[in-house]
Amino acid sequence: MPIPSQLLSECRQIVGERQVVTDSERLEPYGRDETPGLAPALPDAVVRPGSADEVSRVLRACSQHGVAVTPRGGGTGHSGGCVAVQGGVVLAFERMQRILEISADDLTADVEPGVVLQDLHAAVEERGLFYPPDPGSLDTCTLGGNVAENAGGPRALRYGVTRDYVLGLEIALPAGDRLRIGKRTVKGVSGYDLTSLIVGSEGTLAVITAVTLKLIPRPRSVATALVTFDSAATAAAAVSALFGRGILPRTLEYMDGRSIDAVRPTAPFRFPEQIDAALIVETDGDDDEATLAQLGRAVEILDRAGARSTLIAQDARQQRDLWTSRRGLTEATRKIRRIKIAEDIAVPRRRIPEALARVAALGERCGVLTAAYGHAGDGNLHVQILFDDEGQRPAVERLLHQVMAMAIELGGTLSGEHGIGIAKKKFMPLEHSAGALDLMRRLKRAFDPAGILNPGKIF
Ligand code: MLT
Ligand code: ZN
């Protein structure tokens with residue numbers, strides 16, 4: 001069904017002529033996200049509101065016409081959450097990029113949903129404050145998208161994920177009603193925690209129009225090391241050895257040999273040759289000596305667990321190069337084979353060695369190449385499934401199913417940080433009981449009885 005022209009003219013009246021896009025060439029970038037292999041789906045129109053009031057009026061108009069609305073941040077998601085699979089209107093937040101307030105006294109920041117994460121990082125760090133979540137796409141992803149997907153990143157190990165920093169939200173419900181939910185205080189036990197429900201709901205319950213975030217003081221000193229291993233199994237066992245020893249680094253990132261080889265040619269950091277796995281360990285604090293001493297203790301434990309070599313970053317540039325290289329894995333692993341499917345399972349951290357061994361064995365049994373990297377300290381592994389030929393699709397599907405089932409069997413989850421979207425919804429019954437899924441569907445209906453908000457996602 002084409003979108004009613006009456007709705008388009010109502011939207012133009014609300015947001016202005018130039019903020020409604022309908023020609024297919026300009027719609028094209030809004031038809032996808034970063035999910036590898038996801039078929040693009042063009043919306044009928046992109047509408048770019050400039051204020052919460054405009055968001056609410058556009059939603060009201062769409063709901064009166066029964067037209068689907070898909071909110072979209074930076075388009076950097078990994079599960080199709082912002083892709084308008086049923087057409088309709090994409091609500092894009094490029095014009096809502098203001099940092100409204102940073103309060104050093106309250107340790108809070110108020111932002112519009114289109115603020116790019118890196119810009120918030122810079123603004124708060126300039127004032128000696130810190131907003132820890134750091135997904136790989138931090139230079140392009142937006143706070144609205146981060147909240148919708150409950151974004152994580154390497155620093156989640158010590159500091160937690162987006163949900164741990166969202167105190168309150170301004171939202172618009174699908175029929176256009178505007179609400180303020182949550183709080184501005186650190187503590188608060190007053191009514192149901194609607195804020196936490198919206199965080200991670202993948203844009204299916206409400207549209208976020210402003211976010212109140214908790215900040216913490218910025219750690220003044222950071223120390224980083226790359227620890228290499230001769231085998232994935234030794235690296236995984238070393239991760240386990242580190243916990244329970246009174247050290248909580250701020251990151252403990254894992255990369256297998258195949259991932260390192262993929263990124264090596266373009267990486268600014270020079271990885272040692274012929275290594276089969278590596279960990280990036282980072283510690284922080286307020287004192288250079290203590291931070292370095294903590295890194296030293298972590299490295300010593302990893303050494304005793306069988307590490308081959310350790311490189312301690314000597315300056316901020318080496319640290320940056322190491323992280324740029326780590327973030328380069330997403331793109332670099334796309335080039336290993338023609339097609340890549342990227343997964344995001346998480347398991348209890350002591351099960352990491354078993355999870356990595358089983359992924360490799362399952363890949364071999366199905367005859368499909370795999371690679372793995374991710375946030376080992378959180379038990380969150382980005383398993384990459386790599387193949388050239390559509391003829392392998394049945395084996396790939398079998399492998400995918402087995403990897404997901406394995407994660408659940410180990411006490412884990414389908415997605416640590418990328419969300420379900422459309423990419424993983426078929427696996428939901430592996431993790432959630434029929435009763436839990438039914439309750440989620442009923443919650444969805446309570447927020448969005450007409451089912452117009454980001455339809456086709458999660459379930
Ligand atoms: C990462 O950890 O690099 C991101 O979650 C993206 C990815 O999985 O490649
Ligand atoms: Zn990740």
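Across the interface of domain 2 and domain 3, three residue pairs are in polar contact, both residues at pLDDT 80 or more. A polar contact here is a pair of N or O atoms within 3.5 Å; within protein, one must be able to donate a hydrogen and the other to accept it, and residues adjacent in sequence count only if both atoms are side-chain atoms.

Hi everyone, a word on the ground rules. This is a predicted model, where local features need pLDDT of at least 70 and side-chain atom pairs pLDDT 80 or more, while totals for chains, interfaces and linings use all residues. Residues are numbered from 1 along each chain as written, chains are lettered from A and ligands numbered from 1 in written order, and side-chain values use heavy atoms, without hydrogens and water.

So where are those domains? Domain 2 spans 99-217 and domain 3 spans 221-330, in an automatic or database assignment. Their centres, taken over C-alpha atoms, are 29 Å apart. Eight residues of domain 2 and 10 residues of domain 3 make the contact, meaning heavy atoms within 4.5 Å.

Together the two domains bury about 850 Å², 60% of it on carbon and sulfur atoms. That is accessible area (1.4 Å probe) lost on putting two parts together, summed over both. On the domain 2 side, P154, L157 and R158 supply 65% of the area buried against domain 3, more than any other three residues.

R158 comes up again: its side chain meets that of D284 in a salt bridge (3.4 Å, N to O). The rule asks for a side-chain nitrogen of Lys or Arg within 4 Å of a carboxyl oxygen of Asp or Glu, and the count between these domains is one.

Now, the ligand. Which residues surround ligand 1? They are H78, R326, T330, Y373, H375, H382, E417 and H418, each with a heavy atom within 4 Å. A polar side-chain atom of Y373 lies 2.5 Å from an oxygen atom of ligand 1, and for R326 that distance is 2.8 Å.
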